[in-house]
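Please look over the sequence and the structure below before reading on.

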Amino acid sequence: MNVLASSRIAVRALRVNKLRSTLTMLGIIIGVGAVIAMVAIGTGAQARVAEQLQALGANMIFVFPGATTSGGLRFGVGSSIKLTEDDAWAIPRDVQGVQVAAPTVRGAGQLVWGNLNWSTIIQGVTPEYFEARDWPTSSGRVFAQEDVDAAAKVAILGQTVAENLFGDTDPIGQTVRVKKLLCTVVGVLERKGQNTFGQDQDDVIIIPLTTAKRKVLGVTQANARTINAISIKVADNEDLKEVQQQVRELVRQRHRLQPGQEDDFGIRSAAEMVQTKDEQAQLMTKLLMSIASVSLLVGGIGIMNIMLVSVTERTREIGLRMAVGARGRDILTQFLVEALTVALIGGSIGIVAGLGASYALAYFGDWRTVISPPAILLAFTFSGLIGIFFGFYPARKAAGLNPIDALRYE
């Protein structure tokens with residue numbers, strides 16, 4: 001008996017007990033569908049991480065104030081105020097491989113335009129910031145050094161702020177109140193999207209560093225030169241880790257830290273920040289796939305169970321076929337093909353279910369999903385292997401029946 005004939009017999013056998021066959025396939029359907037959907041979610045998460053790395057800049061290094069310790073109490077990151085503008089200017093001057101470094105101050109406040117208002121992040125920067133972050137404007141212009149020197153009352157909006165505050169109105173040339181300061185909008189930045197922490201980078205208004213310090217966020221004589229962060233862009237073809245280590249050593253030297261003393265600042269590269277999140281996404285994908293694979297194994301056990309029942313119910317049929325010349329391997333092939341048919345039909349339905357679930361999650365759950373053809377092929381192949389593996393024992397049992405005993409079976 002050839003495989004094609006066995007396949008026709010298998011399909012007829014499945015049609016005889018449609019409900020039982022459907023329930024048998026259910027575990028395979030759920031398993032394959034779950035694997036495809038989980039891989040789509042995991043791949044989508046990794047794709048989002050890659051986008052975030054591109055948005056941050058793969059060759060970016062960030063320096064920020066560190067933690068302070070007082071009276072045995074350790075305060076959080078950013079509680080130190082020892083990072084200064086002079087540190088920022090020293091980095092490109094003294095560290096080989098640094099293309100540009102930009103000091104930044106940061107705060108939050110209310111923006112008002114006409115009868116509309118919007119609460120957002122306020123950043124004070126220098127012209128180097130836009131080069132460091134590879135962040136051009138979609139309309140208007142960025143700051144010039146003259147704007148920083150004069151503490152000019154000008155502002156550049158992120159896309160989110162422009163959309164929520166101005167809507168369809170062109171914001172260029174409009175006057176917006178930043179806290180209590182009236183600023184003229186001179187540019188709108190291109191869209192950046194979310195960063196690695198899930199924050200909307202476009203929900204920001206950027207003003208000159210001196211304007212932010214003197215007129216908006218406030219500054220005291222004691223911390224007139226302090227800043228909240230330094231954004232560093234490393235030149236192409238430079239070793240990012242080597243440059244990062246040189247920056248750390250320079251800042252330690254400038255802060256007069258002795259060997260053995262902890263850094264009073266933090267330093268991380270964009271690649272490190274994104275790598276952490278990428279590792280988390282990969283771990284979650286593997287965990288979800290492991291859970292989904294359990295359904296496939298349960299489906300395989302269901303196939304073995306139903307095939308054992310089928311062997312028992314068709315014992316006389318097996319004996320009759322052996323009596324008219326069927327060999328043991330013919331019976332083995334027949335039942336293996338039946339198990340494989342159940343698994344592959346279930347796998348095919350599972351693929352459709354998995355694709356549907358992936359699109360539904362993307363549409364209704366606003367989750368990023370990426371369909372992976374290799375994952376579909378792997379899940380389908382694995383379902384077939386499950387059918388063969390769990391169908392072999394019932395098939396072997398059927399092939400080993402004695403024809404005379406099988407014909408006498410009632």
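Contact here means heavy atoms within 4.5 Å, and helices (H or I, at least four residues) are DSSP runs numbered from the N terminus. This is a predicted model, in which local features need pLDDT of at least 70 and side-chain atom pairs count only at pLDDT 80 or more, while totals for chains, interfaces and linings use all residues. Residues are numbered from 1 along each chain as its sequence is written, and side-chain values use heavy atoms, with hydrogens and water left out.

**H10 and H11**
- Glu317, Ile318, Arg321 and Met322 in H10 meet Ile331, Gln334 and Phe335 in H11.
- The residues of this contact divide into 4 nonpolar, 1 polar and 2 charged, where Ala, Val, Leu, Ile, Met, Phe, Trp, Tyr, Cys and Pro count as nonpolar, Asp, Glu, Lys and Arg as charged, and the others, Gly among them, as polar.

**H11 and H12**
- Helix H11 (residues 328-364) packs with helix H12 (residues 373-399) at an angle of about 150°, their axes being 7 Å apart; axes are lines fitted to C-alpha atoms over the stretch in contact, and angles run from 0 to 180 degrees between N-to-C directions.
- H11 and H12 are therefore roughly antiparallel to each other, a term used for angles over 145 degrees.

Conventions
Helix = DSSP H or I, 4+ residues; strand = E, 2+ residues; numbered from the N terminus. Parallel < 35°, antiparallel > 145°, perpendicular 65-115°, else oblique.
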